Amino acid sequence: MKKLIAICAFMFACTYAMAQDANAIVGVWEPGNGKARVKIDNIDGKFYGRIVWLKEPNDPNTGKPKTDVNNSDASMKNVPLRGYRMLKDFQYKGKGIWEEGTIYDPESGNTYTSVITMKDANTLDIRGYVGVKTFGRSDTWRKLKVN
Amino acid sequence: MQKHLIKLAVVIFIFVGLAGCTGSSTTQSLETPELQLSAEGPLYAGANSATATWEFDLKEVLGKTDTEVSEAKITSVEVVLTAADTLPAMEKMVFEMTSKNTPMTRIGLYEGKITPGQPFALTIAAEQENLASAFADGKITFVGDFDVLDEEYMGNVAFTLKVKFELGTN
């Protein structure tokens, strides 16, 4: 009986530790180009990132808030970029790695398969690629402290 | 002439074969029960997310056993902001859905002001992924991202939500 309780306690502790690690990515992050800030949330065990701030929120041509003009679906071109969910469906795989997600580049309208690696508590390496991971591009994001 | 007849026979045979393989599929509408789409405060100016989860037994909602959903798309989304003593000014909603095996998919957009008690329907995306896999999962999460116009709001915000699907079943 004691053994069973010990096993249950160990499994609970492992699950709790895994959940804590997974949520280390939750917060507000700034991509390397400093053009945006992205808030990463946990929704039902998967991780998503929304643009919460843009350095240039308005389209210089129209003076209106930027929208997803490069979307291939004409009915969704009016979706505002501020609030846009550009990181989708990441799952925590352990050891500071989130995989099986996608990253959307609003400047090109392209979506890439992506893997996120946590370098340290305040630094993420985000790699986007098509097909083979080797031929992708990486960006370093830093965590912002939110008061 | 005989060659043409043979070619024609082969083409007919292929068509008949393909039609036989597709089985008998039917289309039906399905509406979710009234769900609560809620966002926990504090909420800040800009986009905030509200989520609702719908857990279901496929046999129960379809009223049939041994039925598989082969095609699914959303045809309408209706949302109503629940009235409360104090609420921030709000507008616009981007609506998405996900499940264990379905990537987060953008479904709809509303661009006007959001007023308590007044239903608003979203413009539905013309291009939708096939959402059938979500019905095999038995649990769908809906996400509504709405804009808060006030600087901050410390309370929670709730919406009621009804989603209509068009399903192709085998």
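**Where chain A meets chain B**

Between chain A and chain B, 18 residue pairs are in polar contact, both residues of each pair being at pLDDT 80 or more, a condition that applies because this is a predicted model. On the side of chain A that touches chain B, the elements that give two or more residues are strand S3 (46-54) and strand S4 (85-92) of chain A. Sorted by class, that side of chain A consists of nine charged, six nonpolar and five polar residues.

Charged residues also come into view when one looks for salt bridges, of which the rule finds five across the interface of chain A and chain B. One of the salt bridges joins B:Arg106 to A:Asp68, and there the closest N and O atoms are 3.7 Å apart.

How far does the contact extend on each chain? The size of an interface is often given as the accessible area lost when the parts come together. For chain A and chain B, about 1900 Å² is buried between them, and 47% of this area lies on carbon and sulfur atoms. Within the share that chain A buries against chain B, A:Asp44, A:Met76 and A:Arg85 supply 24%, which is more than any other three residues. Counted by residues, the contact takes 20 from chain A and 29 from chain B.

The largest cavity holds about 70 Å³ of space. Residues of both chains line the largest cavity: from chain A come A:Pro80, A:Arg82, A:Gly83 and A:Tyr84, while from chain B come B:Ala47, B:Lys92, B:Met93, B:Val94, B:Asp145, B:Phe146 and B:Asp147. Two strands of chain B, strand S5 (90-99) and strand S9 (139-153), each supply at least two residues of this lining. By class, the lining of the largest cavity divides into six nonpolar, four charged and one polar residue.

The second largest cavity has about 40 Å³ of space, and its lining is again drawn from both chains, with A:Val79, A:Gly83, A:Tyr84 and A:Arg85 on one side of the list and B:Val94, B:Glu96, B:Arg106 and B:Asp145 on the other. This lining has four charged, three nonpolar and one polar residue.

Note on methods: Residues numbered from 1 in each chain as written. Chains lettered and ligands numbered in written order. Predicted model: local features only at pLDDT ≥ 70, side-chain atom pairs only at ≥ 80, totals over all residues. Heavy atoms only, no water. Contact = heavy atoms within 4.5 Å. Buried area = accessible area lost by both parts, 1.4 Å probe. Salt bridge = Lys/Arg side-chain N within 4 Å of Asp/Glu carboxyl O. Polar contact = N/O pair within 3.5 Å; in protein donor to acceptor, adjacent residues only side chain to side chain. Helix = DSSP H or I, 4+ residues; strand = E, 2+ residues; numbered from the N terminus. Nonpolar A, V, L, I, M, F, W, Y, C, P; charged D, E, K, R; others polar. 1 Å grid on protein atoms, 1.4 Å probe; cavity = no way out; pocket = protein on both sides within 12 Å on 5 of 7 lines; lining within 4 Å. Points joined across faces, edges and corners; volume = space filled by probe spheres on them.
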